[in-house]
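Q: I have a model open and want to go through it bit by bit. Can you take my questions as they come?

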Amino acid sequence: MTDTVAAAQNAHLRSAFVKEELRSLRLVMYVRIAASAAIIAYLLLRFPSPTGIYWASLTVVFASFGSLQYLVARSRYTARWHKYVFVAIDLALVTFIIHYPNPFMAEAFPIAENFRFPNFDFLYVVVALMAFSYAPGVVAFAGLAAILAWGTGVYLALQLPGMISEYDVANFEAQPMAERLRMANGPTFIDIGARTQEFFIMAVTAGILATAVWRSKRLVSRQMRAERARTNLSRYFSPGMIDELADQDEPLGAVREQNVAVLFADIVGFTSLSENQPPEKVIALLRDFHSRMAGEVFAHGGTVDKYIGDAIMATFGTPRTGTRDATSALTCGRAMLEAVEAWNRERGARGESSIAVGIGLHFGPAVMGDIGDERRLEYAVIGDTVNVAARLETLTREIDAPLVVSNDTVEAVRRETGETAALAGLKKGETAAVRGRSGTVPVWTLNTAAAGGA
Amino acid sequence: MTNPIGEASATAALGGAFAAAEQSAFRLMARARLIAMGLFVVYTGIQFPSLLGVYWIGLVVVFGLAGWVHYRLRARCPAKEWITVAFLGLDAVMLAVAILATNPFVPDPWPIQANLRYHSFPYFFVFLALTALTYSPRLVIWTGVFVMVAWGIGSAIVFALPETKTVLDYAVPFSGPSGAEKLKFTLDPHYYSVAQPIQDVFVLLVVAAILAAAVWRSKRLVERQVETAQERANLARYFSPSMVEALAGTDQPLGGVRSQNVAVLFADIVGFTSLSEKLPPEAVIELLRDFHGRMAREVFAHDGTVDKYIGDAIMATFGTPHTGTRDASNALACAKAMLVSIDAWNQERKARGMPEAPIGVGLHFGPAVMGDIGDEQRLEYAVIGDTVNVAARLEALTREVDAPLVVSGDTVAAVRRESGSGALAGLEEQAAAQVKGRAQKVPVWILRNSDAVSSG
């Protein structure tokens, strides 16, 4: 892969990734609102008083941060470091809500009680919300920030007058059990050992969630690569064929035989036309011609089977038989002639030579299925019908008509739609011998004037 | 979807890929669990370097083992989710017991109520987080439910102990007495607050719901990924392996056009039409698959690209998408290998009483233009130019000169440049041939028969 391709790929993945991250932020915004609602309900049930309302209102602030982060990420002021800032603010806010004395509480307990009660649990809510992100580093940072925020709380609490921990008592562990129990259950005692355990468990949990997020991130980038490859590869198939082939898990599967209309179209005298042209000009001419022809094929519900040099082979009634396959094919052939005429008017205006095309059309049974090797398949339409259509196309040179249609096609059109406009101007020609076939094929032709009038 | 059968096979393939992703998730979970347990062993060893610590380390090892046994069982029975559910229940029960049971190596244990104030409940969050590594939101919810039940029962047992003091044991309503009195009551070593297990379990359930939502998203992501990868792989089969990356990585269709020297090879079955005339359509496709398969194998073995199949013919190029140093030599070696392969094939066919299928191979080397042709809705990466036409006509020439391989003088010169005259063994120079659509005659070399390959 060249550098430019790799660079384009990276740019493509980055922008797709940003979109996916935004989707994730929107999802987590809703999850945060739901979790906050549950916590608010819990708080109001436990403290049906101004005390509870105070905490519940602060939880509303916490809930709104998710929407704020989403709005910032969607704006043009977004930056990568915002994620770190938001999670740090979240954790600082939750720590503050828990430890800052509630002004509506009638009588304040010593702050040591805050640590004795399992309030640290709430930080897990913040860290769990990070499981939606695609940044393992930010999840690890969230674990660290939770420890830092809570640790700062512990440190500040210990600065308050009278507060002690086991480290303020000489030989705490050596004291008799009753004495340790008495101290540990003192109103101003903060157990640092218990806090250390909390921090350690938080670090391990954050590590596990970071692993989950790392895997999600890998999954998303793999998904994007596959999606992009799928999209780029699908362009090499006719729109109607993509799902059929993409869903075919078993290569070289069953073969089907059905009636199809096969159309060949090419530029008369392409070799001499392109002989003295630079390659870019030749490709430009081909792209112009092919896209005009393919446009008509798709407009008439057909499938572009393949391009063979300047020729285009199209089928109608693939992958599924329709009720108007022959009619669609014939109408498509006539539309192609009109498209070429329009093209020639443009070319004439630019002082370029006119292009003549030859179109052969046949209707009959053909076999459809994967041919080739497991490593290089081709969904092909095979059979005498294809060969005859190709030969009718070469016949356009000999009998000097732009469109040669087999009698089988004309009969199929009559069966499908009766004597319609599709058949207008078609003249029954003589029976033509077709190379490689023992019998002869009755053909119908359309001359240019009739095509223009149709 | 094509038909019920195609749908079923697609579902089966996707299910297989999803099962594989689930297996790797369980492996990741088992590893993460072992690492987490290892960390706890280190932490406990440092915090309690005594028999006390040995007991707890022993407990951690039991958890590690349980995780490993679970992984082995799930690897053997991938379909049985109840195994995981059972182990999650076991985890919750074991952890509740481990937290509540007194360490037998503590010489003078504290009352259990005072121990609960040490707050070891967050260990449950570790086990909950581990389920976030699966692709099943149900398992996360199960863990939350199991913890609720296990911890609820454990706490109920503690409340039922005669010495336990809690709000319910207080004579007057809790809100009645003064703050100081309330504080004194809660600081009793045998006090266990009813609100403590409620808050622990409530927050854990909130976290479980959040993680279940995250896992649900991961599950959807994995399903999408598996499906897209499958579709990409299915479409990729319609391209030569060497071309897939280049085409899959091209975001702008109808991009630049390149002009470079390539070797172009055409091969087809002589008399295919008459051969296939007598065969039912399935047999014709069978014949083609057999023939194309053999030819494509040789092309890939010689670093070539299968450009397209045209009916029974196969067109291959060498030096695409990027020019190599032995493109012409590879093409010639490939053509010879094709003849040998077809000889073996015809031996088989003859032995089975089937008609032989001789082939003709044409080979030319020269400048060609490469790039996307067609319409934005239906592209084809094509090699275009006179070189392709000449190669196709040299293949047609095999019938006239009655030799299986016709090689242009330009190819011979290129092979000589690349690998010396030795590589040309078996080739005979012929009178220059008139090629349709070309004013000048083309100097040609032929290989009389495939025996010349083995002799050369």
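Q: Which hand does the crossing of H12(B) and H14(B) have?
A: The crossing of H12(B) and H14(B) is left-handed. A crossing is left-handed if the near helix is turned anticlockwise from the far one by less than a right angle, and right-handed if clockwise. This is a predicted model, where local features need pLDDT of at least 70, side-chain atom pairs count only at pLDDT 80 or more, and totals for chains, interfaces and linings use all residues. Residues are numbered from 1 along each chain as its sequence is written, and chains are lettered from A and ligands numbered from 1 in the order in which they are written.

Q: At what angle do the axes of H12 and H14 of chain B cross?
A: Roughly 115 degrees, and the axes of helix H12 (residues 327–351) and helix H14 (residues 409–419) of chain B come within 7 Å. Axes are lines fitted to C-alpha atoms, for helices over the stretch in contact, and angles run from 0 to 180 degrees between N-to-C directions. Helices (H or I, at least four residues) and strands (E, at least two) are DSSP runs, numbered from the N terminus. H12(B) and H14(B) are therefore roughly perpendicular to each other (under 35 degrees is roughly parallel, over 145 roughly antiparallel, 65 to 115 roughly perpendicular and the rest oblique).

Q: Which residues of H12(B) and H14(B) meet?
A: From H12(B), B:Ala328, B:Ser329 and B:Leu332; from H14(B), B:Thr411, B:Ala414, B:Val415, B:Glu418 and B:Ser419. Residues are in contact if their C-beta atoms, placed from the backbone, lie within 7 Å. The residues of this contact divide into four nonpolar, three polar and one charged. Ala, Val, Leu, Ile, Met, Phe, Trp, Tyr, Cys and Pro count as nonpolar, Asp, Glu, Lys and Arg as charged, and the others, Gly among them, as polar.

Q: Staying in H12 of chain B, is B:Val340 buried, exposed or partly exposed?
A: B:Val340, which sits in that helix, counts as partly exposed because it has 14 C-beta neighbours inside 10 Å. The cut-offs are 20 or more other C-beta atoms within 10 Å for buried, 12 or fewer for exposed, and partly exposed in between, with C-beta atoms placed from the backbone. B:Val340 and B:Asn449 are 109 residues apart in sequence, but 9.7 Å apart from C-alpha to C-alpha.

Q: Change of topic. Where are cis peptide bonds found?
A: One joins A:Thr318 and A:Pro319, with omega about -10 degrees. Another runs from B:Thr320 to B:Pro321, with omega near -5 degrees. A:Pro319 is in the loop between strand S3 (311–316) and helix H12 (325–349) of chain A, and B:Pro321 is in the loop between strand S3 (313–318) and H12 of chain B.

Q: And which residues have a positive phi without being a glycine?
A: Among them are A:Asn171, at about 55 degrees, and A:Asp400, also at about 55 degrees. Most residues other than glycine have a negative phi. A:Asn171 lies in the loop between helix H6 (136–159) and helix H7 (177–184) of chain A, and counts as exposed because it has 6 C-beta neighbours inside 10 Å.

Q: Last one: how many residues does each chain put into the contact?
A: Chain A gives 103 residues and chain B gives 105 residues. Helix H8 (residues 192–234) of chain A gives the most to the side of chain A that touches chain B, with 24 residues.

Methods:
Contact = placed C-beta atoms within 7 Å.
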